Amino acid sequence: MDGTVLILDDDAGVLELTSLYLKSRGFSTLACASAASALEKFEEAGGNVRILIADVTLSDGSGVETALRLKSLAPALRILFASGYSFEEWTNRDVALFNRLPAGSVGVLRKPYSARDLVAKVVELSSDPPHAGLASQTAG
């Protein structure tokens, strides 16, 4: 796969494991523990980020808000949200922001996830045409 996977999660263990899972399957990754760091690393990558994996709830903000911001800078960006909460448990604000994202470019993965589930979602998301349906919003 061309491009880099930017991982945004404020849990150091999840961040490290997600990066290891993807690197072991040949993906290039950038790991970020905060929304501010994700924005900075995204800009430094100069358009080479193809997929963002973002935790929905961050200690310094919303992963959904950060994703929407990055998507406005790079319309081809694909986004995979990872959350320990079901979609129904997300805040109203995060749901409203999520609904502003183009359905074919977004997926949701429930934590905890296995390496196989993560890689399958990343591959699925990277291969879907831009106008395809939502990638398993209620996956668990």
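This report describes the sheet and the nonpolar cores of a predicted model.

Local features require pLDDT of at least 70 and side-chain atom pairs pLDDT 80 or more, while totals for chains, interfaces and linings use all residues. Residues are numbered from 1 along each chain as its sequence is written, and side-chain values use heavy atoms, without hydrogens and water.

An open sheet of five strands, in the order 2-1-3-6-7, is paired in parallel; strands are DSSP runs (E, at least two residues) and helices likewise (H or I, at least four), numbered from the N terminus, and a pair needs at least two DSSP bridges. Strand 2 (28-32) and strand 7 stand at the edges with a single partner strand each, so one side of each has no neighbour in the sheet. From one strand to the next, the twist averages 20°. Strands 1 and 3 run parallel and are joined by five bridges; Val-5 has Ile-51 in strand 3 as its bridge partner.

Helix 3 lies across strands 1, 3 and 6, at about 175° to strand 6 (axes fitted to C-alpha atoms, for helices over the stretch in contact; angles from 0 to 180 degrees between N-to-C directions).

A nonpolar core is a set of buried Ala, Val, Leu, Ile, Met, Phe, Trp, Tyr and Cys residues joined through side-chain atoms within 4.5 Å; buried means under 20% relative accessible area with a 1.4 Å probe, protein chains only.

| Core | Size | Members include |
|---|---|---|
| Largest | 27 residues | Leu-6, Leu-52, Leu-77, Phe-81, Trp-90, Phe-98 |
| Another | 15 residues | Ile-7, Leu-22, Ile-51, Ala-82 |

Beyond neighbours within four places in sequence, Trp-90 contacts residues including Val-56, Phe-81, Tyr-85 and Val-108 (heavy atoms within 4.5 Å).

Notes
Buried < 20%, exposed > 50% of the residue type's maximum accessible area, 1.4 Å probe, protein only.
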